[in-house]
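Subject: Structure for you to look at

Hello,

Here is the structure I promised to pass on. Please open it beside this email and follow along as you read.

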Amino acid sequence: MTAEAPTAAQAGLLSCEACQMLSRPAAPGMPEYCRRCGERLQFRHYGSVQQTWALIIAAAICYLPANMLPVLRTTTLGDSEGDTILSGVAFLYATGSWPLALIVLVASVMIPLGKLVALAYLLLTVQFGSVESNRERTRLYRLVELIGRWSMLDVFVATFTVAMVQLQPLMYVQPGAGVLFFAAVVVLTMLAAEVFDQRLIWDSAYPHTERHG
Amino acid sequence: MGSSVLTDSPLSSPVACPDCDLLQRIPVIPPGDKACCTRCGHVLARKPRGPSDLPLALAFTAAIVFVIANTMPLMDLSVLGRTASTTVVGGAIEMWREGEQITGALVAFCAIIAPGGYIAFMLTLLFGARRSPVPVWVASMLRWVHHFETWSMLEVMMLGILVALIKIAQLATVHAGIGMYAVGALILLFPAIVVTFDVRELWRRVEWDHDDAFMAAAGSASTADSQA
């Protein structure tokens, strides 16, 4: 590991996250902006670990009502019935479309939970200064970024079910309180993935790295 | 495009990997190839094959398809002689009216504003990039495009609509509309724009032109001094 070339931070260089241009800071402690594109420059995201923790804790709190409260409320001839995400999955399974049931189950229940666990794991390993399996942890982060958007699936399912099934007074569907919490989980975990600075994963391997900002 | 002296150098100026911060130089990449970080494997650069105007043509196509996708009905539903149809905007508005304003706004953002913004920005900056020197606003727009890309979720919406369709199909007759096919076309056009667009080349041109402008400004300043 001694022959390893240094990182931009070790070389005292700021890398622009928008256009990848390298700049040398003019004065310590001054906010820097990329001279090519104007993006704010930071060695590492300011308060990345704390902000990511705050966002995933908020998302974890919303995860429970998102799964327990009904996302849809169907009224058929005066009878009103609430549907949670899991009962929606059960409905799809019972009506024979098990591939769709599986897709919704993975996108709505497993992906958000997986993201929370993965980000918590990345944060803990960064905080404890782990130097193990950096490549794998980086790959895990990329996976979180890549699949995060798919948990929006159920929000779209709810939206278009509500938009289509408006045959008053025969039958109509209204959104339930669960939708808002569910959307909150998706947005908060996506923001958490954006705020987390993946370069921190590699910093512990090189203790001489200065932690700027 | 610009001066050819700089492109002849075998290695470009160093870059830091966005995923692991390792400093490295990117070699000249043959068209259709990519360069990966030596430490973490992140794709640092890609050299697209094909003409440089292709992304502009694709963005223009996407703009037309986007209008169709948002004006034509996504699906028609009929039950007991009654029919109803909805558009993408219709879905968001219905959510808003039913008391879920935040969710409605989020749906509108991810399904209309973000993809629309992406197309509008790409179209404008690709037109701007045809000019030489590259206008300064192209750099600012290029910086923002990435955010629209992150929040544009057309492919997720498409799957969501399909799931909703299958759920409703148990209760009523449902037909896919023209809007649905347009959304499908957009889902293919978006990655096509990303793959054919040479971001690094455009950033490099922005840099040179800024430097040229700086040199020109410095030059004119010195002549102004000598005259005074």
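This is a predicted model: local features need pLDDT of at least 70, side-chain atom pairs count only at pLDDT 80 or more; totals for chains, interfaces and linings use all residues.

Start in chain B. Three strands form an open sheet there, in the order β6-β5-β7 (chain B), and the pairing is antiparallel. β6 (82-86) and β7 (173-176) of chain B are at the edges. Each has a single partner strand, so one side of each is left without a neighbour in the sheet. From one strand to the next, the twist averages 20°.

Now zoom in on one pair. Strand β5 of chain B covers residues 75-79. It pairs with β6(B) in the antiparallel sense, over five bridges. Which residue of β6(B) is the bridge partner of Asp76(B)? It is Ser85(B).

A helix from the other chain comes in here. α5(A) lies across β5 and β6 of chain B. It runs at about 140° to β6(B).

**Chain A overall**

Chain A has seven helices and eight strands. Its C-alpha trace spans about 70 × 35 × 25 Å along the principal axes. The radius of gyration of chain A is 22 Å, while a compact globule of 213 residues would have one near 17 Å. Buried residues make up 42% of the 213 residues in the chain. Take the contacts in chain A with a separation of 6 or more: 66% of them join residues 24 or more positions apart.

**The sheet in chain A**

Chain A has an open sheet of four strands, in the order β6-β5-β8-β7 (chain A), with antiparallel pairing. Which strands are at the edges? They are β6 (79-83) and β7 of chain A, and each pairs on one side only. Strand β5 (residues 72-76) of chain A pairs with β6(A) in the antiparallel sense, over five bridges. In that region, Leu72(A) stands opposite Asp83(A) in β6(A). α5(A) packs on this sheet and touches β5 and β8 of chain A. The direction of α5(A) makes about 145° with that of β8(A).

**Helix α2 of chain A**

Helix α2 of chain A covers residues 85-94. Its buried residues are Ile85(A), Gly88(A), Val89(A) and Leu92(A).

What do the buried residues of α2(A) pack against? In chain A, the partners are α1 (48-68), β6, α3 and α5. After α2(A) comes Gly96(A), with a positive phi near 95°.

**Where the chains meet**

The contact takes 49 residues from chain A and 51 residues from chain B. On the chain A side, several elements supply at least two residues each, among them α3 (98-127), α4 (134-147) and α6 (178-195). Which element gives the largest share of that side? It is α5(A), with ten residues. By class, the side of chain A that touches chain B has 31 nonpolar, twelve polar and six charged residues.

If you want one element to trace, pick α5(A). It packs on the sheet of chain A, and it lies across β5 and β6 of chain B.

Best wishes

How values were computed
Residues are numbered from 1 along each chain as its sequence is written. Chains are lettered from A and ligands numbered from 1 in the order in which they are written. The radius of gyration is taken over C-alpha atoms; the globule rule is 2.2 Å times the number of residues to the power 0.38. A residue is buried if 20 or more other C-beta atoms lie within 10 Å of its own, exposed if 12 or fewer, and partly exposed in between; C-beta atoms are placed from the backbone. Two residues are in contact if their C-beta atoms, placed from the backbone, lie within 7 Å. Ala, Val, Leu, Ile, Met, Phe, Trp, Tyr, Cys and Pro count as nonpolar, Asp, Glu, Lys and Arg as charged, and the others, Gly among them, as polar. Two strands pair if DSSP finds at least two bridges between them. Axes are lines fitted to C-alpha atoms, for helices over the stretch in contact, and angles run from 0 to 180 degrees between N-to-C directions.
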